[in-house]
Amino acid sequence: MTGVLTGNVAVVAAGAKNLGGLISTTLAEDGANILVHYNSDASADDADKTVAAARAAGVEAVKFQADLTDPANVARMFDTAYDAFGRVDIAVNTVGKVLRKPILDTTEDEYDAMFDINSKAAFFFLREAGRRLNEGGRIVTIVTSLLAAFTDGYATYAGAKSPVEHFTRAAAKEFADRGITVNSVAPGPMDTPFFYPQETPERVEFHKSQALGGRLTRIDDIAPLVEFLVSEGGWITGQTIFANGGYTTR
Ligand SMILES: NC(=O)c1ccc[n+]([C@@H]2O[C@H](COP(=O)([O-])OP(=O)(O)OC[C@H]3O[C@@H](n4cnc5c(N)ncnc54)[C@H](OP(=O)(O)O)[C@@H]3O)[C@@H](O)[C@H]2O)c1
């Protein structure tokens, strides 16, 4: 959709690599100027490459490093986008942390980290996006298809992503008078380095067997959906959209 976002500015949280990286470059190719957020020092090279790819697509791009579990950092991120570009129209949050562990073995620190990253950061991302986005803005958060699963092991991961659905619904109502849409996108088990450390090879095969074509979700199954929601998909708001080849449904 070349040019459909020309003149827009997008903030992509965790926008340096994997799904977030592809979303950043896709929106850049559509003409949006981009703030590429990353968290750890290990992601700095990916952020540089994504910024370079965005610039090669003909837009302006900046990188921004922060731990987004601190709401002050979320506010700084939007300030940085404003300072760089003078406006923000699109906010996409792909921040996440996964853990597959029985409840009986889960520590308090693990619980806190899961909820800080998957819930708290998502809530304050929505708040700051709601404060800063222009009229007609677009907000998307990445959740998980496990929200529609009945399974063991992912209590803190699916549990910590699930509040985002309700944050999304409330934000969609509260920001509606400014024409801002708010949605969540729920990928199936996705072929990125995020997924494999939690799973055995046998379970990976099982996950594949549950979707169309006997395969995992790919980042390029998801980026076009986000692209649609932030461009032409303005009649969709308050929703969680499962994009998973039929892996789970409800
Ligand atoms: N892969 C899957 O199977 C799958 C399936 C469904 C949904 N998802 C969701 O899709 C999204 C993208 O996942 P992905 O597969 O593309 O893997 P990913 O690149 O590892 O995405 C997770 C991102 O969250 C960032 N992050 C972690 N802690 C953070 C913090 N405290 N503050 C700010 N950012 C932080 C990571 O940055 P650093 O690495 O720099 O710390 C990383 O960029 C996640 O929300 C994930 O939950 C993934």
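First, the ground rules. This is a predicted model, where local features need pLDDT of at least 70, side-chain atom pairs count only at pLDDT 80 or more, and totals for chains, interfaces and linings use all residues. Residues are numbered from 1 along each chain as its sequence is written, and side-chain values use heavy atoms, with hydrogens and water left out.

**Whole chain.** Start with a cartoon: you get seven helices and seven strands (DSSP runs, H or I of at least four residues for helices, E of at least two for strands, numbered from the N terminus). Along the sequence they come as β-α-β-α-β-α-β-α-β-α-β-α-α-β. The C-alpha atoms fill a box of roughly 50 × 35 × 35 Å along the principal axes. Of the 250 residues, 51% are buried (buried is under 20% relative accessible area, exposed over 50%, partly exposed in between, with a 1.4 Å probe and protein chains only).

Arg 132 makes a salt bridge with Glu 128, with the closest N and O atoms 3.3 Å apart (a salt bridge is a side-chain nitrogen of Lys or Arg within 4 Å of a carboxyl oxygen of Asp or Glu). Glu 128 is buried at 2% relative accessible area, and Arg 132 is buried too, at 18%. The structure holds 13 salt bridges.

Glu 165 is buried at 6%, whereas Arg 250 is exposed at 58%.

Another salt bridge joins Arg 203 to Glu 199, with 2.5 Å between the closest N and O atoms. Arg 203 is partly exposed at 23%, while Glu 199 is buried at 10%.

Last stop: Asn 39 is in the loop between β2 (33-38) and α2 (44-56), and is partly exposed at 44% relative accessibility. Draw a distance to Thr 249, 210 residues apart along the chain, and the C-alpha atoms are separated by 32 Å.
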